[in-house]
Amino acid sequence: MPTPRLLIIGLDCMEPSLVFDRWRDDLPNLRQLMTQGSYGRFESSIPAITVPAWSCMMTGRDPGELGIYGFRNRRDRDYHSMGISDGRAVKFPRLWDWLGEAGWRVAALGVPGTSPPYPVNGSLVSCFLTPSTDVPFTHPPELGDQIRAWMPDFMMDVPNFRSDDKQRILDNLFQLCDQRFTLAEKLIVQDQPDFLMLVDMGVDRIHHAFWKPMDPRHPQYEPDSPFANAIHDYYVHVDQRIGELLQICDDDTAVLVVSDHGAQPLMGGICINEWLIKNGYLTLHEPPPEPVPLNEVAVDWSQTRVWGAGGYYARIFLNVKGREPEGTVTMTDYEALRDELAAKLSQLTTPTGDPLNVKVFRPQQIYQKVRGRAPDLIVYFDDLAWRSVGSVGTGELYAVENDTGPDDANHAPFGLMIFHDPRSPQNGQVLEGAQLYDILPTLLHRYGIEAPKDLRGKVLAL
């Protein structure tokens with residue numbers, strides 16, 4: 001058997017248009033995989049966010065089934081219990097669990113949703129949600145000691161990547177990338193796994209930190225910045241590391257390169273709670289003198305029907321009687337209020353009066369099941385080009401900046417996939433209509449493992 005039989009290179013947030021079009025000629029290793037295999041854009045989960053997208057991809061389940069609706073999730077029915085859902089929230093087996101059960105020796109490195117680490121048939125290194133290497137971050141535990149010996153400064157993520165300390169961020173990004181690929185190379189040589197998957201978070205981080213200098217479409221474009229080529233050079237570096245990693249794999253290794261979603265310039269923010277206040281849905285005892293998060297002001301819940309949260313998309317929560325502590329909305333009025341909100345939000349425009357292309361999703365209509373405490377409505381502003389700003393006290397509907405720190409980019413609803421199996425080359429076949437959910441059923445089918453009948457995705461012809 002070749003080692004590994006299957007290699008997955010996850011590149012968080014890698015943008016299809018940059019790889020397939022703009023920089024295609026500068027990325028020889030990705031270009032060769034595309035030319036010899038099959039490739040295409042694919043639709044991410046809704047929401048198109050790292051947490052939950054990678055877990056959706058690896059389980060074949062949607063956010064509703066997982067009960068994970070973003071980086072932060074409501075933990076309770078009170079008004080401010082938002083917390084991060086780590087790997088313990090994922091209750092379904094992932095690709096490497098299925099392969100391990102079938103006798104494959106596996107290695108999963110830095111895949112979001114794997115913190116804290118758990119037992120697999122092989123090795124696992126947890127993800128960016130791990131606070132540091134001072135806590136358990138590997139299975140088996142002794143692998144952590146080995147990694148620290150190889151790389152004493154092993155990083156779980158780029159610290160504070162939403163800051164203005166751009167050169168330090170850039171240095172950290174290349175270090176993070178090199179560590180992930182070097183670790184993959186060492187484990188392939190040492191353990192000869194049948195399956196290895198790594199995820200580089202650096203692509204996502206560099207978009208958030210350096211999109212303004214690259215893209216004239218950005219409202220705060222920085223044309224003469226010394227960082228104008230930062231994202232391009234990082235893509236070139238990742239491509240080079242992919243080539244080096246493939247050199248130590250067998251000639252028969254099947255390779256999947258995949259991103260969980262894409263990226264685009266951040267055009268601005270919609271202050272969702274300010275909109276709710278203006279439209280009479282949300283009432284404060286008194287407005288704050290300066291912008292602050294909603295959980296830092298006194299909300300008059302007895303007069304509030306709706307509140308929202310910021311992020312890549314807007315989460316809309318209804319204050320439901322018998323569900324929330326001071327609920328005001330009866331279940332008789334629930335659907336009518338959702339319809340009313342969807343209709344009003346759909347009329348939002350940009351500051352210049354152009355349609356904002358608002359998409360409003362009801363969890364019960366887009367998910368196979370709805371577990372946990374889902375938002376009552378999920379709202380995309382212009383396919384995520386505009387983000388949701390949750391702060392109150394601005395008095396304004398529109399924001400120029402993110403309220404959680406400097407941010408140049410927002411996510412985009414389509415990621416990419418490139419697949420090449422040397423034993424069945426596809427000669428540049430372009431995949432159409434693919435979804436993130438198709439990855440698991442396609443790979444289980446390819447390797448003769450019976451998949452559950454209720455998976456979300458379909459089998460792709462790769």
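In what order do the 3 strands of the open sheet lie? The order is β16-β11-β17, with mixed pairing. This arrangement comes from a predicted model. The edge strands are β16 (386–389) and β17 (398–399), each of which pairs on one side only.

Strand β11 spans residues 268–271 and pairs with β16 in the parallel sense over 4 bridges. Within this pairing, Gly268 stands opposite Trp386 of β16. Ser388 is the bridge partner of Ile270 in β16. The pairing of β11 with β17 is antiparallel and runs over 2 bridges. Here the bridge partner of Ile270 is Tyr398.

The nonpolar cores were examined next. The largest holds 106 residues. Ile9, Val19, Trp96, Phe195, Phe210, Met417 and Ile418 touch the most other members of this core. Helix α7 (residues 166–191) gives the most to the core, contributing 10 residues. A second, separate core has 37 residues, among them Trp307, Ile316, Leu318 and Val329.

Phe195 belongs to the largest core. Neighbours within four places in sequence were left aside for its contacts. Phe195 then contacts Pro4, Leu6 and Ile8, as well as Leu95, Trp96 and Leu99.

Key:
Residues numbered from 1 in each chain as written. Predicted model: local features only at pLDDT ≥ 70, side-chain atom pairs only at ≥ 80, totals over all residues. Heavy atoms only, no water. Core = buried A, V, L, I, M, F, W, Y, C linked by side-chain atoms within 4.5 Å. Buried < 20%, exposed > 50% of the residue type's maximum accessible area, 1.4 Å probe, protein only. Contact = heavy atoms within 4.5 Å. Pairing = 2+ DSSP bridges.
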